[in-house]
Amino acid sequence: MLKLIFRALTLVGVLGAATAVAEERQRYDVYGSGLKLGTLGMNYNISGERYGVSGRVADGGLLGAFVKFDFSGTAEGTIASDGTLRPTRYSGTDDNGKRKRTVSFNFRSATPQTVSFSPARTPKPIDVSPSTQRGTVDPISATFSLLRDQPVGKACGKTVEVFDGSKRSRLRLAKRQPTNDGLFVCNGTYSRVKGFSAKLMAKQVNFPFSIIWREQDGIMEVVRFQTQTTFGTVSAIRR
């Protein structure tokens, strides 16, 4: 779950100023077992039907002394009238201290095209073919779809199919439910679908997560989100 949601949070908008531009910035601190694990952030620009996002998640606190993780990426595309994202371009870079690799691809007719890895990656038999991934979105757009401030009726109750260049996964978010403190929770599941090794699929396929929202003037704003990992519960708290 961390590898999809945490790495795909955005940091810098990629669209310039234009008429009716909406700009938003989000920052989170990530905690697990009482320790600060890292930071992440999200900025996005919306101009008419176009959106642009980019992001970074990095280690921090005590964990940074033992484990390095750093992901940054950008995505852009359009937003349909029902809130569905239609990405046109994506690029993401993973750096674990031992290996740094960038994957980039475009979309045409809602289908990923021209997937490239730098440095080059040897294809695996289990890799999914981009041509079969029509209707998917990239990891940055997927997280943007889930976490951006948005009208009540579009924030929850959705399914997002995700393609990262070699694997397919799924994010499912149930309808919102009220909490005891005046907030709302949308429970979700991240699922591995295709392109994952048999060992990973045998270990675990579905990973639960929850997004906690505040409603203000008909707009849902994320307060925090949390997920279960092999390290226990990890929470990202919005500043």
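## Overall composition

A contact here means that heavy atoms lie within 4.5 Å. By that criterion, among the contacts in the protein with a separation of 6 or more, 53% are accounted for by residues 24 or more positions apart. The model is predicted, so local features need pLDDT of at least 70 and side-chain atom pairs count only at pLDDT 80 or more, whereas totals for chains, interfaces and linings use all residues. Residues are numbered from 1 along each chain as its sequence is written, and side-chain values use heavy atoms, with hydrogens and water left out.

The protein has four helices and 15 strands, where helices (H or I, at least four residues) and strands (E, at least two) are DSSP runs numbered from the N terminus. Of its 239 residues, 47% are buried; buried means under 20% relative accessible area, exposed means over 50%, and partly exposed lies in between, with a 1.4 Å probe and protein chains only. The protein exposes about 11,900 Å², of which carbon and sulfur atoms supply 50%, the areas coming from the Shrake-Rupley method with a 1.4 Å probe and, for residues, with only the protein chains shown counting as cover.

Strand E4 (residues 70-79) runs antiparallel to strand E5 (residues 85-95), and 10 bridges join the two; two strands are taken to pair if DSSP finds at least two bridges between them. E4 and E5 form a hairpin with five residues between them, and in its turn Gly-83 has a positive phi of about 95°. E5 also pairs with strand E6 (residues 100-108), again in the antiparallel sense, over seven bridges. In the hairpin of E5 and E6 there are four residues between the strands, and Gly-97 takes a positive phi near 90°. Across this second pairing, Tyr-90 stands opposite Phe-105 in E6.

## The surroundings of Ser-72

Ser-72 is found in strand E4, and its bridge partner in E5 is Thr-93. Ser-72 is partly exposed, with a relative accessible area of 28%. When residues up to four places away in sequence are not counted, Ser-72 touches Gly-55, Arg-56, Ser-91, Gly-92 and Thr-93. Ala-58, which is 14 residues from Ser-72 in sequence, is 8.7 Å away in space, C-alpha to C-alpha.

## Salt bridges

A salt bridge is a side-chain nitrogen of Lys or Arg within 4 Å of a carboxyl oxygen of Asp or Glu, and by this rule the count comes to 10 salt bridges. One of them joins Arg-239 to Asp-29, with the closest N and O atoms 2.8 Å apart. Because Arg-239 lies in the segment after strand E15 (232-238) and Asp-29 lies in strand E1 (residues 21-32), this pair ties together parts that are 210 residues apart in sequence.

Salt bridges that share partners join Asp-29, Lys-36 and Arg-239 into one network.
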